[in-house]
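Let's take a walk through a protein fold together. Have a look at the picture first, and then we'll go through it piece by piece.

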Amino acid sequence: MNIIIVTGAAGGIGKEFVKQLYKEKGIDEIWAVGRTLSKLEALKAEVGDKVVPVVCDVCSDESLAAFEALLKEKNPRVKWLINCAGTRALYKKGADLPRLLATVRTNLVGNMATCYASIPYMGKGDHILNVSSAASFQPLPSNNSYAAAKVGLRFFSKGLEYELKKKGIKVTCSCPGWVATELMEFKDGEITPIEHLPGVTTAKNVAKKSIRDARKGKSICFPTFKVHANYYMVKYAPGVVVQWYAQHIETDHYKDFINADILS
């Protein structure tokens, strides 16, 4: 049985990956992985019966162990593993510590775990596509733990690419910037770091460009021109310029964060 696994599949970019790969040739099932069964079932009803809801909270060791056990039971060939599970850490002062930890566990540790669980079921010509972020290019005060987790995922993806080279498994890391998804809908209890999203794009575009670049065997994907330009600006510009850009262009309320003594 040939399958595609998409984590964070219930919405945003993950949902688009499910839609765009639904008619992939030779695929029997698409495992839509997420925390909420009702959302996954709604996705199946919308997209098609090939979608198989798999409830898994990548922050939970027990849930990840159950995911690994399911792979062992079904023994599929994993043709694509696409890690989209993500959250942000934009909380007001005094927020519970577990909320901060969940940011790192979701954006980095959980994605690493699904890679390790899935690799034994992959082989030559198969793909791992980890969705990191343009936030991984530089330190990002006011979105600090999110950026740190995403840079960890980007470096992990690059190292994994070398480790899997002999097996013929290709690893691609996609680094979108601002994307118009529910992740940018700030809720009560959260702080809003930015209101004018520079270079905002759609989940549909991110998924389309990421799949195309993965098929080409690229190590890193820049879904928009702005992200591509940012990558090279950060690479070659002086550190003080990079940090000014992060504080004043990618954040609308940086001074408010500092004055309020908020750590992100």
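Start with helix 4, which covers residues 97-118 in this predicted model. At 1.5 Å a residue, its 22 residues should span 32 Å, and the C-alpha atoms at its ends are 30 Å apart, so the two values agree. Follow the helix along and you'll find a bend of about 45° at arginine 105.

Which residues of helix 4 are buried? They are Thr103, Thr106, Asn107, Leu108, Gly110, Asn111, Thr114, Cys115, Ala117 and Ser118. The cover over them includes strand 1 (2-7), helix 3 (61-74), strand 4 (77-83), strand 5 (127-131) and helix 5 (144-163).

Now for the inside. The largest nonpolar core has 27 residues, and Ile5, Phe67, Leu71, Val78, Ile128 and Leu160 have the most contacts inside it. Strand 1, strand 2 (29-34), helix 3, strand 4, helix 4 and helix 5 each bring at least two residues to this core. Helix 5 gives the largest share, with four residues. Another core, of 25 residues, lies apart from that one, and Ile4, Ile30, Leu129 and Ala214 are among its members.

Last stop: the cysteines. Why don't cysteine 173 and cysteine 175 form one? Their sulfurs are 4.1 Å apart, too far for a bond, because a disulfide needs the two sulfur atoms within 2.5 Å. Cysteine 173 is buried, with a relative accessible area of 2%, and cysteine 175 counts as buried too, at 0%.

Methods
Residues numbered from 1 in each chain as written. Predicted model: local features only at pLDDT ≥ 70, side-chain atom pairs only at ≥ 80, totals over all residues. Heavy atoms only, no water. Expected span 1.5 Å × (residues − 1). Bend = angle between axes of the 7 residues up to and from the residue. Buried < 20%, exposed > 50% of the residue type's maximum accessible area, 1.4 Å probe, protein only. Contact = heavy atoms within 4.5 Å. Core = buried A, V, L, I, M, F, W, Y, C linked by side-chain atoms within 4.5 Å.
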